[in-house]
Amino acid sequence: MKREPLVMIPGPTPVAGPVLDAMKIQTYGHTYGGFVEIYKECLAGLKQIFQADAVIAIGGAGTLSMEMGLVNVTKPGDSVLFISHGYFGDRYPEMAKAFGIKADVLTTEPGKTVCLESIEAKLKAHEYSAMALTHVDTSSGAMADLAGVASLATKYGVLFILDGVCASGAIDEDMKKHGIDIVVTTCQKAFAVPPGMTMVSLSERALERRESLGTIPAYYTDFKNWLPVMQNPTLYFATPPVNHIVALNLSVREILEEGLQARYARHEKMSKAFRAGIKAIGLEPVTCAHALAPTLSVIKYPEGIDDAVFRKTLEDNGVFCAGGVGSLKGKVFRIGHMGSIGWPELATTMSAIELTLKQMGHKFDIGAGMGAMEQAWA
Ligand code: PMP
């Protein structure tokens, strides 16, 4: 019997049984009292996770939340500073162009992060309507210095948008503590829900900015069309993805039950153990040591290991990983370690990586990765 491989890509991530079950319950009417209570609980939980003043959670992918975050707080002709650490950071200025927004982009080599000095120099020299940062760029595995960048946004009074897609629910994104105005994110990574929900968390300042803009070139993505529904889910703007909201609510409940600090610590532990194993078999991340994200590892292929053959063999050995994107295509493989997973998935993955590399002729002591990972975990 063919078994599906374990999904260890950096999103979508494996979905826990109860969350999956919620996807197949008989669909509620979207204004039915029982569902309205679930939607309210979900939104209240998200508000708590992000310490947000308002949250919008609707159907869509992460890119939709990025678009919502941008078009509701800027108008055509405005200048926005984008700090990009890779493929997903580069998506934001591309999007800005489509809306006639002037994009000033700070970028760096894959795996590195833009230094705070160059960000400050930009903020000193120019007036921006907003600035945007990707918390973890899923292409390079680089985690930004959120506290450092956020403090610059506060110092220069610039509205601050954070793309939390590959971080939310696994790394602290307390909006009040850091001074973040908007977190745009989605459900298929550390929330461990099948793809399909998009979430935008807002500060009072972001809400005021939207008010001040009047009409914007958006309809489905206009905060003003959704905010009344988020206040009172018996109202209708567009039909919500009912089953998905039930599933997301279970994930949010689970996150809060685990405890935010405990959850962030679990992600740290998983990433450290996994990378100890990787190091022991002679592999290394493409990401600088100071920027290693707890949510995924982006690992360079050793000499002589072909990307397509590696990933196919790994799949035959039971694990589905992701290849590189953008300028890292063919040079790296990516393993997600976030959401609902734990030791069993890490162990299966490390074992499959070792088998695959051995079969492909890479020289190392088989078992060294598992041993190092066990040591680190224990
Ligand atoms: N931002 C980041 C950091 C991402 O990793 C991704 C997707 N991997 C996106 C945005 C876009 O999300 P989606 O594919 O759900 O549209």
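Biologist: Which element gives the largest share of the shell around the ligand?
Modeller: Helix 3 does, with three residues. Helices here are DSSP runs of H or I with at least four residues, strands are runs of E with at least two, and both are numbered from the N terminus. Please note that this is a predicted model, in which local features need pLDDT of at least 70 and side-chain atom pairs count only at pLDDT 80 or more, while totals for chains, interfaces and linings use all residues. Residues are numbered from 1 along each chain as its sequence is written, and side-chain values use heavy atoms, with hydrogens and water left out.

Biologist: How many residues surround the ligand, and which are the closest?
Modeller: The ligand is surrounded by 13 residues, and the closest are Gly-62, Thr-63, Thr-138, Asp-163 and Lys-189. A residue is near a molecule if one of its heavy atoms lies within 4 Å of it.

Biologist: What classes are in that shell around the ligand?
Modeller: The shell has five nonpolar, five polar and three charged residues. Asp, Glu, Lys and Arg count as charged; Ala, Val, Leu, Ile, Met, Phe, Trp, Tyr, Cys and Pro count as nonpolar; the others, Gly among them, count as polar.

Biologist: Which ligand atom lies 2.7 Å from the side chain of Asp-163?
Modeller: A nitrogen atom of the ligand lies at that distance from an N or O atom in the Asp-163 side chain. In Thr-63, a side-chain N or O atom is 2.5 Å from an oxygen atom of the ligand. For Gly-62, a backbone N or O atom is 2.7 Å from a ligand oxygen atom. A polar contact is a pair of N or O atoms within 3.5 Å; within protein, one must be able to donate a hydrogen and the other to accept it, and residues adjacent in sequence count only if both atoms are side-chain atoms.

Biologist: And how much of the ligand does the protein bury?
Modeller: The protein buries 87% of the 390 Å² that the ligand exposes when taken alone. Accessible areas come from the Shrake-Rupley method with a 1.4 Å probe; for residues, only the protein chains shown count as cover.

Biologist: Where is Arg-91, and what does it touch?
Modeller: Arg-91 is in helix 4. Residues up to four places away in sequence aside, Arg-91 touches Thr-63 and Met-66, where contact means heavy atoms within 4.5 Å. The C-alpha atoms of Arg-91 and Thr-63 are separated by 8.8 Å, although the two residues are 28 apart along the chain.

Biologist: Why does Arg-91 count as partly exposed?
Modeller: Arg-91 counts as partly exposed because its relative accessibility is 28%. Buried means under 20% relative accessible area, exposed over 50%, and partly exposed in between (1.4 Å probe, protein chains only).

Biologist: Changing topic, what is the strand order in the open sheet?
Modeller: The three strands have the order 11-14-13, with antiparallel pairing. Strands pair if DSSP finds at least two bridges between them. Strand 11 and strand 14 are joined by five bridges, and Val-298 stands opposite Arg-334. Strand 13 and strand 14 pair over two bridges, with Gly-323 and Phe-333 as bridge partners.

Biologist: Is strand 14 enclosed or open?
Modeller: Strand 14 is largely enclosed by the rest of the structure, because five of its five residues are buried. Val-332, Arg-334 and Gly-336 lie on one side, with Phe-333 and Ile-335 on the other.

Biologist: Is His-362 buried or exposed?
Modeller: His-362 is buried, with a relative accessible area of 14%. A polar atom of its side chain lies 3.1 Å from the backbone oxygen of Ile-281.
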